[in-house]
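Open the structure in your viewer and keep the selection tool at hand. Each stop below tells you what to select next.

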Amino acid sequence: MIHVIDDFYIKGGQLDFALLRKTNSINKKTGETIYKVLGYYSSVFNAVEGVRKIMSRELIAEKDMELYEAVTA
């Protein structure tokens, strides 16, 4: 598994790459951290681009800002 940034991870499968987000939950039976699947991508590059888009949407939803601020962030 690849740690991207913050709570985002990429896990490779046989045919694709899953973009995961770490949750604060733990599986009671196994003690393992639970991850939420955000999407499936054909390459690591596309999965990282998915992280960028998600983080951009979340940032813009948090507060109002100028275009240059959003692009910089």
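The tour goes through the strands and then the salt bridges of this predicted model.

Start by selecting residues 2-5, strand S1, and residues 8-12, strand S2; they run antiparallel and are joined by three bridges. Histidine 3 has tyrosine 9 in S2 as its bridge partner. Now look at the turn: two residues separate S1 and S2 in this hairpin, and aspartate 6 there has a positive phi of about 50 degrees.

Tyrosine 9 has leucine 20 in S3 as its bridge partner. S2 and S3 also form a hairpin, with four residues between them.

Next, show side chains. Which residues are linked in a network of salt bridges? Select Asp7, Arg21 and Glu58 to see them. Aspartate 7 meets arginine 21 with closest N and O atoms 3.3 Å apart. This pair joins the loop between S1 and S2 to strand S3, across 14 residues of chain. Arginine 21 also forms a salt bridge with glutamate 58, at 2.7 Å between the closest N and O atoms. Here strand S3 is linked to helix H1 (residues 44-62), and the two residues are 37 apart. Aspartate 7 is partly exposed at 25% relative accessible area, arginine 21 at 22% and glutamate 58 at 31%.

Finally, select glutamate 49 and arginine 52, whose salt bridge has its closest N and O atoms 2.5 Å apart. Both lie in helix H1, three residues apart, about one turn of the helix.

Definitions and conventions
Residues numbered from 1 in each chain as written. Predicted model: local features only at pLDDT ≥ 70, side-chain atom pairs only at ≥ 80, totals over all residues. Heavy atoms only, no water. Pairing = 2+ DSSP bridges. Salt bridge = Lys/Arg side-chain N within 4 Å of Asp/Glu carboxyl O. Buried < 20%, exposed > 50% of the residue type's maximum accessible area, 1.4 Å probe, protein only.
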